[in-house]
Each structure stands twice: as structure tokens, then as C-alpha cells.
Amino acid sequence: TTLLVFYPNAFSDVCSDQLSLYQEVLDELEASGATLYGVSCDSVWAQQAFREKLGISIEQLSDFEPKGEACRAFGVLHPGGFPERALVMTGPDGVVRWSHQADTPGDLPGANLIFDALDTVEV
């Protein structure tokens, strides 16, 4: 099971809080069979610096070039050219099984949403 964590901008307060929160429960998520990836339109270098600053191990995927193409494909590209704050869960077959999009980019989806999805969604 893969969980893509789309976030608007590296180094923003809410994005920092979100990834730090998910890092705190990463072992539990992985024990539940989930592999997390952070996804933003930031460059690989910005994501690496962000990851190092936060001290997190969650792998980062850059949707920098062509900018926003993956976000567009998953329907989470904000009109401003950055990802909406969204969670997308796929099964081993790559089919989307569950997703959640925050009401605004400033809303932080709690880890409980992910655990609830892992408990209820067939993957």
C-alpha cells in the first residue's frame, strides 16, 4: 500500500508540522503495510534540505519538471501551481483506493485519517 502525501511547499509551517507528525507515527504506519512518500512541486534539492532540516526519513518525490504533472494526474493541482494538501492511497496494483483533500492548504490532515483508511479500505 502506497500513501502519497501531497503538500504545498517545503519549509512552510503546516507542511513542516504535517511531515513531522507523520514521521512520529511512521513505524506504526509501516507496520500497517503503508509506505509513505511526500510529494511537492519543490525541486529535489529543496526537498532534500527540507527533509534534513526536519530530520525525517519519509522519502520525497519531486513534481518539479514538468511542474505539477503528477499533481494534475491525481487531481490535486491547486490553481496557484502547487499541490493541494491531499492524501492518496493506492494498492499494490497502483489503483487509487482512498483519497482525502483538505478543505484548504492550511488544514493539516491528522494521522488518524490514514489509520482509519488503512483499517477500512481493501487494498
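The protein has five helices and five strands, and the model discussed here is predicted.

Reader: How do you know that the radius of gyration agrees with that of a compact globule?

Author: For 123 residues, a compact globule would have a radius of gyration near 14 Å, and the protein has 13 Å, so the value agrees. The C-alpha atoms fill a box of roughly 35 × 30 × 25 Å along the principal axes.

Reader: How many disulfides does the protein have?

Author: The count is zero. Cys15 is in no disulfide, since the nearest cysteine sulfur, that of Cys41, is 11 Å away, whereas a disulfide requires two cysteine sulfur atoms within 2.5 Å. Cys71 is likewise in no disulfide: the sulfur of Cys41 is the nearest cysteine sulfur, at 4.1 Å, and the cut-off is 2.5 Å.

Reader: Why is Cys71 called buried?

Author: Its relative accessibility is 0%, and buried means under 20%; therefore Cys71 counts as buried. Cys15, at 0% relative accessibility, also counts as buried.

Reader: How many aromatic pairs does a search of the whole structure find?

Author: The search finds three aromatic pairs.

Reader: What makes the pair of Phe6 and Phe74 tilted?

Author: The centres are 5.7 Å apart, and rings pair if their centres lie within 6.5 Å. The angle between the planes is 50°; stacked needs under 30 degrees and edge-to-face over 60, so the pair is tilted.

Reader: Which parts does the pair of Phe6 and Phe74 tie together?

Author: Phe6 lies in strand β1 (residues 2-6) and Phe74 in the loop between α4 (69-73) and β4 (86-90), so the pair joins parts that are 68 residues apart in sequence. Phe6 is buried, with a relative accessible area of 1%, while Phe74, at 34%, counts as partly exposed.

Reader: Which residues do ring pairs link into a cluster?

Author: The cluster consists of Tyr7, Phe11 and Phe50.

Methods. Residues numbered from 1 in each chain as written. Predicted model: local features only at pLDDT ≥ 70, side-chain atom pairs only at ≥ 80, totals over all residues. Heavy atoms only, no water. Buried < 20%, exposed > 50% of the residue type's maximum accessible area, 1.4 Å probe, protein only. Phe/Tyr/Trp six-rings, centres within 6.5 Å; stacked < 30°, edge-to-face > 60°. Helix = DSSP H or I, 4+ residues; strand = E, 2+ residues; numbered from the N terminus. Rg over C-alpha atoms; globule rule 2.2 N^0.38 Å.
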